[in-house]
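Visitor: I'm new to this structure and would like a close look at a single part. Please pick one and walk me through it.

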Amino acid sequence: MQRETISVQVGAQEIVFETGKIARQAGGAVVVRCGETIVFTSACAAPTADPETDFFPLRVDYQEKFSSAGKTLGGFIKREGRPTEREILVSRLIDRPLRPMFEEGYYNEVQILSYVWSYDGVHSPEPLAICGASAALVISDAPLIKPVGAVRVGFIDGRFVVNPTIEQQKLSKLDLMLAGTEEAVLMIEGFCDFLTEEQVLEAIETGHKSIKVICQALEQWKTKVGKAKNRETLRLLPKELYNDIEAIANPLLESALRIQQKQKREEALANVAKAVNDSLMPAGQEPKYPAQHISYALKDISSKMMRRMILNENLRSDGRKSTEIRQIDVEQSLLPRVHGSSLFTRGETQAVAVCTLGGAGMAQRFEDLEGEGNQRFYLQYFFPPFSVGEVGRIGAPGRREVGHGKLAERALMAVIPPKEQFPYTIRVESNITESNGSSSMATVCGGCLALMDAGVPVKRPVSGIAMGLILEGDRYIILSDILGIEDALGDMDFKVTGDHQGITAFQMDIKVEGITIDIMRAALQQAKDGRIHILNKMLAVCPTFKGEMSRYAPRIETIQIKPSKIATVIGPGGKQIRAIIEQTGVQIDIDDSGLVSIAANDLDSIEKAKAIIYGLTAEIEIGRVYTGKATSIAPFGVFVEILPGKEGLCHISEFDVSRINNLEDFVKQGDIVTVKVLDINERGQIKLSRKATLQAQ
C-alpha cells in the first residue's frame with residue numbers, strides 16, 4: 001500500500017486520517033491527527049469464526065501512552081499495564097457505536113487496538129480514537145455496514161461548540177460524546193449542569209452535522225483504499241430453522257413472556273429452550289441444526305414475539321403499560337454505623353447505597369496525560385452475581401461496573417456542594433442486591449438519598465430512569481423504566497438523570513438505525529415525566545438533607561491562609577505541622593491555594609488547631625493590642641510572645657507609667673502581659689509597650 005491521507009474540517013479543527021505508512025500487515029491501520037494530538041488504531045479480524053461461538057467477539061482496548069505527553073508513570077513500575085478507569089471508559093465509547101454496525105451473522109473475532117502516541121494538551125483524543133477505529137474497520141476486510149463518526153460537543157457562553165479544546169471544555173456546561181452514521185445517531189454519552197431537554201436535543205443535532213461530514217469522507221476513502229469485505233464466513237440461518245422452532249416454541253412463548261415475576265419467567269423461558277432442544281437435537285441422534293444456530297434463532301423469535309405484544313397490546317412482560325413505573329420503596333438510615341445510607345428498591349431492582357465522609361486524605365488519586373490529581377467526590381458500583389441469582393467470579397470490577405459507576409458518579413457530580421461550603425471528601429458506594437433492569441439508575445437514586453442521609457447539602461436532589469424502544473418500520477413505542485429482558489431484546493437503552501427542571505447526565509445506546517430526533521424528543525419528554533415521578537417518591541420519604549451529620553462522621557472545618565504562609569504552617573521537613581497534629585490529634589490538609597482543612601472527631605481539637613494556625617499565619621499589626629506570655633526577663637526589658645513563635649521586646653521604659661528600676665519585681669517568666677505594638681523595624685524586630693495599654697485605660 002502507498003501512503004494515503006484524507007482530511008476533514010470539524011468545527012474549527014482539521015482532522016487528518018492516514019494509512020499505508022505504519023502497521024501495513026494489520027487488517028486496517030490508521031493514524032488520526034488533530035493539531036499535535038496523534039492517535040493510532042489498528043483493526044484485525046480472524047479469517048474464520050469459531051463454530052462454537054454464538055456471539056460477536058469484538059474486543060476494544062484503548063491506551064494512553066504517557067510518553068505521548070513527555071511523561072512516565074509516577075509509580076514504581078514505569079511500564080503501562082492494567083488499563084486505567086479512563087482507558088476502560090474510552091474503550092467502551094469505541095465499542096458501543098461500532099458493535100451494532102457489523103453485518104448480521106458475523107462471528108469472526110475482531111480486535112481493535114487504539115493508542116495515543118502524541119498528546120498536545122489542546123485536542124482531546126477520545127473522539128479521534130472512535131473515528132480512527134471506524135476508519136481502520138472501513139478499510140479492512142471486516143464487514144462493517146457503514147462508517148461511524150464521533151465528536152465531542154460543549155456548551156460555552158450560550159453556544160454549542162464541536163470538538164472544543166481542553167481549555168474550552170473546562171468552561172463548558174456540557175460534556176457530550178456523540179457517535180453515529182451519516183443517517184443516524186448510535187451512541188450518546190453526556191453530562192451537563194441541568195440543561196433542558198431542548199438544549200440536549202440541539203446539542204445532538206449540532207454534533208450529528210459534523211458526524212455526517214466525517215462519515216462521507218470515510219465512505220469515499222473506503223472506495224479508494226478499502227479492502228474487499230470478507231462475507232464468506234457470515235452465518236445466516238435458514239428459514240426452515242425458524243419455521244421448525246416457531247412450531248414448537250410459539251405456543252409456549254405466548255404464556256412464558258407474560259409471566260410477571262422475573263425468576264419464574266426465566267424458568268419458563270428455560271423450559272421453552274429445553275423443549276426446542278429436545279425436539280431438534282434428540283439424544284443419540286445427529287442434530288438437525290447446530291446448537292448455536294438454535295440458540296440464536298430462539299432468542300430472535302422470543303424478541304419478535306415480545307415486541308409484537310408491546311406494539312399491538314401496549315402490554316409488557318410484567319403487566320405494565322409503556323409509561324408505567326414499577327413500585328418504588330425507600331428506606332433511609334438502613335445501616336446504623338455508616339455516615340449515610342439508603343435502601344432503594346424499584347420493582348425487582350434494588351441498591352444499598354452508602355455515603356462515607358472524610359478528609360482530603362480519603363480522596364481518590366489518579367494519574368493521566370494531564371498530570372496527577374485528587375478526586376474529591378467518587379462513586380463505586382458493585383454488581384455481585386447473587387443480584388441476578390447466579391454464581392460468578394468476584395474480583396476487580398469489570399468494564400460494565402466501571403462504566404455504570406462512572407455514569408452514576410457524573411450524574412451526581414452536579415449536585416455536590418463546593419469544597420468551600422462542604423470541605424469533605426465524599427465516597428458513595430452502590431451495592432446492587434437485586435437486578436432486573438437499570439441498576440445504574442437505581443444507583444443514582446440510592447446514591448442521592450445516601451448523600452442526603454449523611455447530611456451532605458446537595459444543591460438539588462436528582463433521580464434517574466432508563467428508557468427503552470420498540471421500533472418496527474414506522475411504528476414505535478417508548479418504554480419507561482425498562483426491564484432486563486426489554487434491554488436485551490429491545491432497540492434502545494436511554495438513561496436520563498436530573499430533576500424537575502433539568503438534566504445532569506444521559507447515555508444512549510441504539511441497536512438499529514432509524515431513530516429520529518422526533519423519537520428522541522418523545523423519549524426525553526417521557527423520561528422527564530418518569531424521573532419526576534421517581535423523584536417525588538424519593539422526596540416523600542426524604543424531603544431534604546439532614547441538618548446534622550452522623551455522630552460517627554468526622555468534623556471538618558476550613559480556614560484560608562495566604563499561599564505564602566503555607567511553608568510556615570508546614571515547617572522545615574514538616575516539623576511544624578506534625579507538631580500541631582501531635583498536640584491536637586487532628587488531621588490537616590493544605591492545598592496550593594492556602595485552604596487548610598482540619599478534621600477531627602471533636603470540635604475542641606479543631607479549635608485548638610485553628611488557634612495555632614491562626615497564630616502562625618497572622619500578620620502582626622502596628623497599633624494593635626495583643627495579650628501574650630513573658631518568655632524571658634532582661635535588665636533592659638521583657639520579651640513577650642504575642643503570637644505563636646513571634647515575640648517582641650517591651651523596653652523597661654515602656655513597661656509602666658512610673659519609673660521602674662528592676663523588672664523582676666513586677667513580672668515573672670510565664671506571666672500573661674497585655675501589650676501594644678509600637679513599631680516593626682526593617683529587621684522584623686517588634687517594639688512593644690505595656691505603658692500604652694495602661695494609658696488607654
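**Domain 1 and domain 3**

Guide: Let's start where 50 residues of domain 1 are in contact with 41 residues of domain 3, contact meaning heavy atoms within 4.5 Å. Before going on, a word of care: this is a predicted model, where local features need pLDDT of at least 70, side-chain atom pairs count only at pLDDT 80 or more, and totals for chains, interfaces and linings use all residues. Residues are numbered from 1 along each chain as its sequence is written, and side-chain values use heavy atoms, with hydrogens and water left out.

Domain 1 covers 4-225 and domain 3 covers 328-541, with bounds that come from an automatic or database domain assignment. Their C-alpha centres are 25 Å apart. Between them, about 3800 Å² is buried, and carbon and sulfur atoms give 59% of that. Buried area here is the accessible area (1.4 Å probe) that two parts lose on being put together, summed over both. On the domain 1 side, keep an eye on Phe191, Phe194 and Glu197: they supply 20% of the area that domain 1 buries against domain 3, more than any other three residues.

Now for a sheet. Six strands make an open, mixed sheet, in the order E1-E2-E3-E4-E6-E5. Strands (E, at least two residues) and helices (H or I, at least four) are DSSP runs, numbered from the N terminus, and two strands pair if DSSP finds at least two bridges between them. Strands E1 (4-10) and E5 (58-64) sit at the edges with a single partner strand each, so one side of each has no neighbour in the sheet. From one strand to the next, the twist averages 15°. Helix H1 (residues 85-98) packs on this sheet, touching E5 and strand E6 (110-118), and its direction makes about 140° with that of E5. Such angles run from 0 to 180 degrees between N-to-C directions, with axes fitted to C-alpha atoms, for helices over the stretch in contact.

Zoom in on E3 (residues 28-34) and E4 (residues 37-45): they run antiparallel, joined by 7 bridges. Cys34 has Thr37 in E4 as its bridge partner.

One last stop is the loop between strand E2 (13-19) and E3, where you'll find Ala23. Most residues other than glycine have a negative phi. Ala23, which is not a glycine, has a positive phi of about 55°. At 34% relative accessibility, Ala23 is partly exposed, the label for values between buried (under 20%) and exposed (over 50%), with a 1.4 Å probe and protein chains only.
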